[in-house]
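Dear colleague,

Please find below the sequence and the structure for your records. A short account of what was found follows.

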Amino acid sequence: MSVLRQALSLATLMLSAVILAFDTPPATGGRARESAERDAIVRTLASLIDACVAGLVADAVLVGPPDSGLGIIAEEAGCGLVEAVDARSGLARALPAMRYPDVLVLRAGHAPERGFVDEVRDALAYGGRDRALVLRAAPSSLLTRIAPRLAEPVGLVARREDFGAAGDLATLAKKLRATELTTKARRAI
């Protein structure tokens, strides 16, 4: 295979990322809560650096409530910003601006574990691109340790048009019959 053909095939495996910053982990309240929410968002963005360096994630958009101060985080991270009153409308506004047809939607407050980049790249390259991939939270209770499929979905890789007007990742993952990723996402804070 020529170098140009290899480069083109790798370029088609790139994702656009949407970080939903609506339901970050709760903290004690006041300034402490604000600080914890910002830390969760920053850690989620930082967790995608390996994916960017590896050429899997090409661009990112941070989606969150208006007047939440997310503009500073988005500017420093070099990503776009969409302000909306809820995740559904924010996602609907962010998707048309994505550069690539495959999109990773990730809830702020979660960071994909090691192996995520390789697993997603392999799934897209060899498993067919018509199948969505669901990223679940790392087990946090005895029940989710015994039955990992009961952990909440915190990320979804799918074609842009598959998201439609969905705002709930769990419902959408079920509707798309998403394939479970072995890699999990740990709480970022």
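**Findings**

Residues 24 or more positions apart make up 72% of the contacts in the protein chain that have a separation of 6 or more, a contact being heavy atoms within 4.5 Å. Please note that this is a predicted model, in which local features need pLDDT of at least 70 and side-chain atom pairs count only at pLDDT 80 or more, while totals for chains, interfaces and linings use all residues. Residues are numbered from 1 along each chain as its sequence is written, and side-chain values use heavy atoms, with hydrogens and water left out.

The protein chain contains 9 helices and 8 strands; these are DSSP runs numbered from the N terminus, with helices being H or I of at least four residues and strands E of at least two. Of its 189 residues, 45% count as buried. Here buried means under 20% relative accessible area, exposed over 50%, and partly exposed in between, with a 1.4 Å probe and protein chains only. The accessible surface of the chain comes to about 10,000 Å², and carbon and sulfur atoms hold 54% of that area, as computed by the Shrake-Rupley method with a 1.4 Å probe.

Strands β2 and β3 run parallel and are joined by 4 bridges; two strands pair if DSSP finds at least two bridges between them. Within this pair, V61 stands opposite G80 in β3. Together with helix α4 (residues 70-77), β2 and β3 form a right-handed β-α-β unit. Right-handed means that, with the strands pointing away from the viewer, the path from the first strand over the helix to the second runs clockwise.

In helix α5 (residues 87-94), the residues A87, G90, L91 and A94 are buried. They cover an arc of only 100° around the axis, and therefore lie on the same side of α5; the arc is that of the directions from the helix axis to the C-beta atoms. The cover over the buried residues of α5 includes β1 (15-20), β2 (57-64), β3 (80-83), β4 (102-107) and α8 (160-163).

Two further residues may be of interest. A51, in helix α3 (residues 49-53), is buried, with a relative accessible area of 2%. Leaving aside neighbours within four places in sequence, A51 is in contact with L56, V57 and V117. D39, found in helix α2 (residues 30-47), is partly exposed, at a relative accessible area of 35%. The C-alpha atoms of D39 and A188 are separated by 8.1 Å, although these residues are 149 residues apart along the chain.

Yours sincerely
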